[in-house]
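User: Please take a close look at one part of this model, the place where two chains meet, and describe it with care.

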Amino acid sequence: MAVDFGQICILIVEDNVRNYALLARLLSFMGVKQTEWKRSGWHVLEFAKDNMPVIDLILLDIHLPEEDGYEVLTRIRQDAHFRNTKVVAVTADVSNPNLTRAQSAGFDGFLSKPINVDQFPDQIRRILEGEAVWDLG
Amino acid sequence: MAERAIDLARANRSDHDPFRPAPTLGLRGGLGKTLLIAFLLLAIVPLSLLALFTYHQIQRATRQRLTASLEAIVAVKESHLLDWVEGYERQMSLLTESLDLEVVDPAQRSSQLEQALSDKLTMARATDPTLTTLLLANQDTGEVIAYADTAAVHHQTLPSLLRDGRRLAILPSAVEGGAPLVAVRHAWDDWQLIGLLDWHALQEIIADPISTADGTTTRLVTGDGLITSEQTPLPVSLDKGTFGADAAIDSQATGVAQALRGQSGAGDYVNFEGTPVFGAYRWNPDLQLALLEEQPQTLALATGNRLTAIVIASTLVVALVTAAIAAIVTRRLTVPIVQLTETAAWMARGDLNQQVTIQRRDEIGVLARAFNRMASELKLLYGQLEDKVAERTQQLEAAHKRTRYYNMQLTISAEVARVASSIRDVDTLFRTVTELIGNAFELNYASIYLLDESGKRAVWRAGSTGLPPASRSTEVGSSSLVGLVAADGQRRVWRRGAAPRADATPSTVPYLRVECEMAVPLQSKENVLGVLDLQSNRPDDFDTNDEMVFQSLANQIGIAIENAQAYALERATVERLKELDRIQSQFLTNMSHALRTPLNSIIGFSRVMLNELDGPLTDLQRTDLDVVYQSGRELLGLINDMLDLSHLDLGTAPFTLTEVDLAEIVEGVMATAQALARGKPVQLHQEVPEELPVLYTDGQRLRQVILALIANAIKFTDEGDIHLRVNRDDGQVTISVSDSGGGIPPAEQAHILADAPYDQNGASEDEPGFGLAISKRVVEKLGGQIWLESERDTGTTFTFTLPIRPSDIDSPGRDAGQGDAE
């Protein structure tokens with residue numbers, strides 16, 4: 001199933017604006033037209049109340065203020081709005097235990113920072129096609 | 001012992017208990033009965049036999065006497081009868097002569113003559129009143145010529161009666177109920193004179209008084225079947241079947257029959273009247289009649305029977321007397337025997353307080369005395385035995401108690417030792433130990449005091465009851481037992497009444513009076529750490545033996561306190577080190593995150609630009625940006641390695657052990673290495689055997705090590721060959737990477753695999769980085785060894801071994817490894 005990047009909406013949860021910028025840049029080059037950005041999990045859930053568009057994919061940073069990525073994931077999974085949304089961890093805490101933890105917590109994938117620019121478009125595409133991507137860098 | 005004594009006392013009392021059931025042995029009936037029966041049999045049987053014999057003798061004698069006398073009587077009567085008959089025959093002869101009858105000629109008979117003869121006969125008859133009738137008859141014809149008669153007699157039949165020459169005939173009475181007549185004759189020539197006599201004349205002869213015996217009957221039986229009887233003087237024909245009116249006659253009866261057969265004899269038999277009699281019979285051929293003398297047996301034997309009765313009665317009396325004597329004798333015999341037997345039975349039941357009270361001078365008396373002596377000796381022996389058994393039992397109990405006590409001491413010591421080594425918390429230890437000691441030795445109170453930090457006061461820390469004493473601390477050197485012992489470290493024992501005590505530690509159990517107290521110092525080497533205080537309500541506790549035991553326990557507790565204190569210190573240190581590690585680990589994680597975040601931008605954006613996503617680049621821009629990008633990558637690698645190394649050193653590095661295909665790993669590593677060596681005149685070679693074992697190890701780490709070694713080789717080899725060799729040994733594989741580079745100077749070889757790569761100064765191109773240090777740690781973690789061999793200008797070989805299946809690496813993925821932390 002080919003993914004039409006033009007039709008999908010991707011939410012980036014990232015407290016570092018430069019990281020967001022890089023991801024947004026890469027996604028726009030890929031042809032993703034709808035990109036949303038939130039700085040924290042709280043913002044995501046607040047945003048979901050106010051007419052948020054259907055989100056296909058969330059790129060969720062683990063290292064976040066207030067709540068960490070795992071807590072945010074739990075709340076996203078409980079929210080009916082994100083019923084069909086895939087959630088991928090994007091983190092600089094690259095280690096096997098973290099990867100295992102992400103797998104058992106219910107993430108749909110794991111991308112390490114620094115982002116591998118060359119592989120990133122392919123990874124996103126594979127995730128959207130339903131394949132789990134576990135990248136330790 | 002006390003219970004035993006009570007038992008014996010009870011047993012003694014029961015001797016005099018009249019209601020105590022005697023053992024029933026059944027001997028009274030047995031022996032006595034046997035003896036009595038024996039006596040009676042012995043007495044009665046011979047007596048009975050004697051009586052029987054006597055009876056038979058009497059019978060026989062009576063019979064003999066009777067028959068003899070009857071025979072004699074019959075003989076006498078026969079002779080009397082003969083005399084009587086001859087007398088009358090003579091009288092007939094005299095009459096014949098006096099009447100001159102011989103001249104009568106039968107041929108000259110005439111009525112006158114007959115009349116004259118009859119007159120003569122009448123006259124003659126008158127001379128003798130016994131003569132009833134006189135007949136003169138012809139001898140041959142029987143014709144009666146003349147007669148003198150007073151009764152109506154069939155004269156014509158008379159001659160026929162005497163026809164056979166009989167000398168005597170008995171004629172039935174002509175008148176019914178009348179007496180018979182007896183005929184006697186005198187014959188001469190052709191004539192005969194027949195005289196008929198009154199029956200009574202004959203009866204007098206028969207009933208001769210010589211027969212004195214009671215009931216004796218004399219009978220006459222004539223040859224033609226007439227029998228006479230005294231009772232019924234009528235001769236009755238035997239053939240008629242009846243005698244008189246009522247008596248049945250058996251003509252074949254003994255006596256009559258024998259006599260009629262012409263025999264004489266005597267004996268006992270049943271006579272013709274059916275009566276058993278003793279009788280004698282005698283046949284007289286002259287008179288053609290038999291005389292019978294019979295006496296009924298009942299009468300004859302009356303005397304004998306009386307005698308027999310006397311004999312039997314005497315026998316019975318004798319038997320009764322014998323029985324009585326036998327009973328008495330038996331009783332005299334059996335009573336003491338039964339008494340002895342019963343006493344023996346009581347003794348057999350274990351009651352030895354038995355004496356037989358038999359005062360006799362005979363053998364039984366001797367037996368009783370011997371029995372009593374035996375019983376006394378037995379009792380004495382048994383008593384001594386009981387004493388001995390009791391003594392031995394006491395000794396055994398004492399020994400058992402001692403053993404148990406030692407055993408308990410050992411158990412308590414072991415338990416205290418176990419508790420001391422297993423419980424690290426001092427207060428729990430003290431509580432457990434005091435409870436143990438208090439319970440095991442059944443003390444009022446066992447408590448532990450420890451000196452405070454100043455060493456001036458001994459402070460109560462734990463007690464066996466769980467309750468604290470009235471004063472929780474005492475001054476070291478005070479007059480209390482604890483204070484004294486705490487001051488000089490010498491154990492002391494106090495006993496009630498021994499010496500007054502200023503501030504004795506009161507028992508926490510008020511109703512249990514403290515009789516003695518012992519305080520034992522708890523020491524570590526020479527230092528007094530505290531005091532073990534023990535209080536007992538038994539006055540004789542804490543002897544020398546106990547002192548040693550409690551001193552030993554106190555020593556153990558002292559060691560335990562030391563250990564616990566050391567452990568507490570060690571534990572605190574470990575906690576601190578752990579905390580430091582945790583902080584370091586957290587710091588490393590944080591730093592890694594902090595460093596990666598800017599690197600994300602540096603690497604990411606430089607790569608975006610290099611990929612010309614932001615627009616085309618000039619060659620110079622590209623070259624410069626590439627430097628930025630590569631440096632970022634390098635920095636990232638360093639950060640990763642440093643973090644890895646730190647985790648390996650902290651023991652927080654994860655290892656995941658799985659089945660690993662070595663060939664596959666080698667293949668993957670070689671592919672990556674080819675990429676690394678690209679652009680360099682370096683040839684990669686591999687010497688790997690066909691068959692490689694499946695390892696149980698961390699594949700990712702193994703790959704990391706091989707790659708690090710090859711990368712290192714590539715890095716230090718400008719031109720030449722690199723060999724990867726794999727060998728399989730026994731239980732392990734050996735993997736080596738050889739290069740043909742410049743080699744490593746010996747001075748550097750020492751620290752090239754150093755434990756602390758952080759020591760290395762500078763960061764030039766030639767520095768090996770963290771790869772080798774990480775490899776060393778990883779290999780050792782996986783149970784192998786790594787080393788290097790190097791020669792200048794020849795090259796360097798790194799070799800490491802790896803067990804096929806490590807035995808000492810477990811819990812994959814989460815390796816705590818405190819040992820690694822040290």
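How much area is buried between chain B and chain A, and what percentage of it do carbon and sulfur atoms give?

Analyst: This is a predicted model, in which local features need pLDDT of at least 70 and side-chain atom pairs count only at pLDDT 80 or more, while totals for chains, interfaces and linings use all residues. Residues are numbered from 1 along each chain as its sequence is written, chains are lettered from A in the order in which they are written, and side-chain values use heavy atoms, with hydrogens and water left out.

The area buried between chain B and chain A (the accessible area, 1.4 Å probe, that two parts lose on being put together, summed over both) is about 1,800 Å², and carbon and sulfur atoms give 59% of it. Of the area that chain B buries against chain A, 33% is supplied by His593(B), Arg596(B) and Asn600(B), more than by any other three residues. The contact (heavy atoms within 4.5 Å) takes 20 residues from chain A and 19 residues from chain B.

Between the two chains the count is 2 salt bridges, a salt bridge being a side-chain nitrogen of Lys or Arg within 4 Å of a carboxyl oxygen of Asp or Glu. Arg25(A) forms a salt bridge with Asp614(B), where the closest N and O atoms are 2.7 Å apart. On the side of chain B that touches chain A, the largest share, 13 residues, comes from helix H12 of chain B, residues 544-610 (helices are DSSP runs, H or I, of at least four residues, numbered from the N terminus).

Key
Helix = DSSP H or I, 4+ residues; strand = E, 2+ residues; numbered from the N terminus.
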